[in-house]
Amino acid sequence: MVAKVLLTDEAAQWLRRLTGMHGPLMFHQSGGCCDGSAPMCYPDGEFRTGSADVHLGDLVVDGVEKPIAFWMSANQYEYWKHTQLIVDVVKGRGSGFSVEAPEGIRFLIRSRLFTDQESAELGLL
């Protein structure tokens, strides 16, 4: 099965470190303006998800016991459902609500369109 969300090696390194500091983590991407359009990383369960959110998948990180759930608002998902999301990290300060903010880095999303074959496999066609 094609993964809807992946992460870079550098993002995985940071997630190992941040999990050591904060315990199990989760991501949510709301699609709001400014930092709201970036993925926010929270201690698992701190951000409450519901029927207005889509669970894109769980990120498995070597050295992290519990997979990291990645959620996106349903409205934002409608725009992004034909793309594979890749969680990456860059230097710079993001939102104060995301656990990486004090570390001088921020998570961001890179993406690529699914191929027709991948879209068919995911039931998007």
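**Exercise 1.** Is F27 buried or exposed, judged by its relative accessible area?

*Solution.* The structure is a predicted model, in which local features need pLDDT of at least 70 and side-chain atom pairs count only at pLDDT 80 or more, while totals for chains, interfaces and linings use all residues. Residues are numbered from 1 along each chain as its sequence is written, and side-chain values use heavy atoms, with hydrogens and water left out. Buried means under 20% relative accessible area, exposed over 50%, and partly exposed in between, with a 1.4 Å probe and protein chains only. F27 has a relative accessible area of 0%, so this residue is buried.

**Exercise 2.** Classify the ring pair of F27 and F70, then that of F27 and F107.

*Solution.* Rings of Phe, Tyr and Trp (its six-membered ring) pair if their centres lie within 6.5 Å; planes under 30 degrees apart count as stacked, over 60 as edge-to-face and the rest as tilted. For F27 and F70 the centres are 5.6 Å apart and the planes stand at 35 degrees, so this pair is tilted. For F27 and F107, 5.1 Å centre to centre and 85 degrees between the planes make an edge-to-face pair, which links strand β2 to strand β7, 80 residues apart.

**Exercise 3.** Which residues do ring pairs link into a cluster?

*Solution.* The cluster consists of F27, F70 and F107.

Methods: Helix = DSSP H or I, 4+ residues; strand = E, 2+ residues; numbered from the N terminus.
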